[in-house]
Amino acid sequence: MDLVASSSSSSKPSWKYDVFISFRGEDTRWKFISHLHAAFCRAKIKTYIDEEDLQRGDEISPALMKAIEESNTAVVVLSENYANSSWCLDELVHILKCKREYGSQVLPIFYDVDPSDVRNQRGSYATAFAEATQLHKLDSWRAALREATNLAGWVVKDTRNESIFLKKIVNDILKKLHGMSLSCDLKGLFGIEKHIEQTKSFVLILAKDVRILGIWGMGGIGKTTLARVLFNKFSHFYEGRCFLSNVREKSKNPDGFRVLKVELFSELLNREVHDPDSPFERNCVRRIDVFAVLDDVSHERQLTDLVGDRGGSFGPRSIIIVTTRDKRALIHQASNIYELDGLNRDDALGLFHWHAFKETSPTPDFNELSEQVMDYAKGNPLALKISGDFFRGREIEDWKSLLERLKGTSIGDEDSIHKILKISYDELRKDEKDAFLDIACCFRGYSKDFVERLVDVTIIKDLVDKSLVRLEITQIWLVVNVYIEMHDLVQEMGRKVVCESSGGDLGKLCWIWNAEDAYTVLHNNIGTEKIEAIFLDWYGEGGCETQLDLPQDVFKKMFNSRLLRFSNKVFLPEGFDYLPNKLKYLEWMRYPLKSLPKNFNPRNLVVLDMRCSGELEQLWDGVK
């Protein structure tokens, strides 16, 4: 096989790795390379490194070629014996081919060798070429070495100061990666450049104090997007980095602030933190300058509990960005408050067309209809994105019919945005609507693996494609998790659908997520066959739980219930004789009886969680 002509793909591959390291194992594996790899890992640079020390053949494997093609940047460590390996030289040839064809980046490091010796094949490189057996490759190898030495790189000769070089190399790589990823990240983000220009001076200014930038605006206006772009562009200059998402939603959970603080400190210190309030951990974060984003904060207390008064928990040159709908959460804490407005007409049209047509200019027939969408969305990026995804591929008559449903809505207010979002919901199939409402009312923020046990995988994918649901990937220390998330406005729209369908009757709410509503329905035994899900997570003031006595037949009228969760203790003074057989999910912490009802048939049960149920002796008699 002729390596120079070979490639696993003629089209540009997607980047799976940030960095591919090409090196000669016997020279550097247990010295420089091990330290370089560790430094990349600490900086959260996803790195491909060939860990095998096995005898290699004459050609590099297809898997290794694919790894090179899927890497954003190749770091080539040219050491004394690099040219002794035909494998290394073949790697270099393929790396440079990917640079030409795919635009990937290459950073040469001359480790204890003179770049001119590499360029002109002198010294050990001359010896290696003189002893080479694959003569037909010599010209391509020579050309590759010359090309590599013409690139900007690093010369590492004084290995006593290796740690200094490593830090500089990591920073160089981070700048390259952020420069490339930012240009990709901004695709489809219409109008974002203006906001970057207006906020970056605050981020870049040299100051001796912690600075808090508040980004304030209505839901769906792009606060999280701007914060994410600023984080991606500037956070690599700081020793500690963390993007803490969904603070408002997560803080509602029992022990929510502690969980958030553990996540924040673990990310900032790049290690597992168990007790963020210990004097040792507080001192650790106080010693470093950090770049942290607290996304979707709803109250000043959330901010001070996580970062201290005016960010005093961190090093003096730290930057904290806070996004919120409520300006009051920022007034006493933020150094600057940046109000985010809707998109101007041109950017709004560009975003809508990007999603509706996958191009910036639709056919003339759709221009007037697109303008009508602009009137209702009023520059709200979320509304534009979801409506664009919804209208994509539809005929012009469908557009007219759907826009007719928006008539009578006050243009530009929150009601119009909710109506735009609801159009996408209305067009879902029955099973898709149920899955969407399961997530909006019960499972937002749960892990993807968990939700997929209860909701069909293809339906989740369809909801993601329609921009009603998104997958959020987080990494706490070394653990990567994927969660099911949605925008606040989308969740509000879904819950509003549920409330409106009940006609104001709590017993006819199909999904009950509010603790007070759940308490009222259960305590008064007013549930009906309409109820499909009921979640009771009620912790009274001061952490004392509110006692709830359940009637014996409380679930008899709720025979269509599929999802049931009690995370605080309830009492069954008269016993318990019925559970719905349609239950797929049953979580009942501190269940107060010795077993579940005898007539309960768990044939549909997928998830059963009876933690902390000390009274429970067995689930049921026999096999069911």
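## Basis of the description

A crossing of two helices is left-handed if the near helix is turned anticlockwise from the far one by less than a right angle, and right-handed if clockwise. Helices (H or I, at least four residues) and strands (E, at least two) are DSSP runs, numbered from the N terminus.

The structure is a predicted model, in which local features need pLDDT of at least 70 and side-chain atom pairs count only at pLDDT 80 or more, while totals for chains, interfaces and linings use all residues. Residues are numbered from 1 along each chain as its sequence is written, and side-chain values use heavy atoms, with hydrogens and water left out.

## The chain as a whole

The chain contains 23 helices and 17 strands. It has 624 residues, and 52% of them count as buried (buried means under 20% relative accessible area, exposed over 50%, and partly exposed in between, with a 1.4 Å probe and protein chains only). The accessible surface of the chain is about 29100 Å², with 49% belonging to carbon and sulfur atoms; accessible areas come from the Shrake-Rupley method with a 1.4 Å probe, and for residues only the protein chains shown count as cover.

Contact here means heavy atoms within 4.5 Å. Among contacts in the chain between residues at least 6 apart in sequence, those joining residues at least 24 apart make up 67%.

## Helix 15 and its partners

Two packed helices are described by the angle between their axes and the distance between the axes. Axes are lines fitted to C-alpha atoms, for helices over the stretch in contact, and angles run from 0 to 180 degrees between N-to-C directions. Helix 15 (residues 367–377) packs against helix 16 (residues 381–391) at an angle of about 145°, and their axes are 10 Å apart. The crossing of helix 15 with helix 16 is right-handed. On the helix 15 side, Val373, Met374 and Ala377 take part, and they meet Ala383, Leu384, Ser387 and Phe391 of helix 16. By class, the residues of this contact comprise six nonpolar, one polar and no charged (Ala, Val, Leu, Ile, Met, Phe, Trp, Tyr, Cys and Pro count as nonpolar, Asp, Glu, Lys and Arg as charged, and the others, Gly among them, as polar).

Helix 15 also packs with helix 17 (residues 396–404), at an angle of about 25° and with the axes 11 Å apart. Helix 15 and helix 17 are therefore roughly parallel to each other; angles under 35 degrees count as roughly parallel, over 145 as roughly antiparallel, 65 to 115 as roughly perpendicular and the rest as oblique. Helix 15 and helix 17 have a left-handed crossing. Leu369, Ser370, Gln372 and Val373 of helix 15 make the contact with Ile396, Trp399, Lys400 and Leu403 of helix 17. Five of the residues in the contact of helix 15 with helix 17 are nonpolar, two are polar and one is charged.

## Glutamate 371

Glutamate 371 is placed in helix 15. Its relative accessibility is 30%, so glutamate 371 counts as partly exposed. Not counting residues up to four places away in sequence, glutamate 371 touches Arg345 and Leu349. Between glutamate 371 and phenylalanine 352, which are 19 residues apart in sequence, the C-alpha to C-alpha distance is 10.0 Å.

Helix 2 (residues 62–69) and helix 3 (residues 86–102) pack with their axes 9 Å apart, at an angle of about 40°. These two helices, helix 2 and helix 3, are therefore oblique to each other, and their crossing is right-handed. The contact involves Leu64, Met65, Ile68 and Glu69 of helix 2, together with Trp87, Glu91, His94, Ile95, Cys98 and Tyr102 of helix 3. Seven nonpolar, one polar and two charged residues form the contact of helix 2 with helix 3.

Alanine 148 lies in helix 6 (residues 138–149). With 1% relative accessibility, alanine 148 counts as buried. Alanine 148 touches Leu92, Leu96, Pro108 and Phe110, not counting residues up to four places away in sequence. Although 72 residues apart along the chain, alanine 148 and valine 76 have C-alpha atoms separated by 8.5 Å.

## Positive phi in two loops

Most residues other than glycine have a negative phi, and most peptide bonds are trans. Lysine 44 has a positive phi, near 60°, and is placed in the loop between helix 1 (25–42) and strand 2 (47–48). Its relative accessible area is 30%, so lysine 44 is partly exposed.

Arginine 310 has a phi near 55°, likewise a positive value in a residue other than glycine. Arginine 310 is found in the loop between helix 13 (300–307) and strand 9 (319–324), and at 47% relative accessibility arginine 310 counts as partly exposed.
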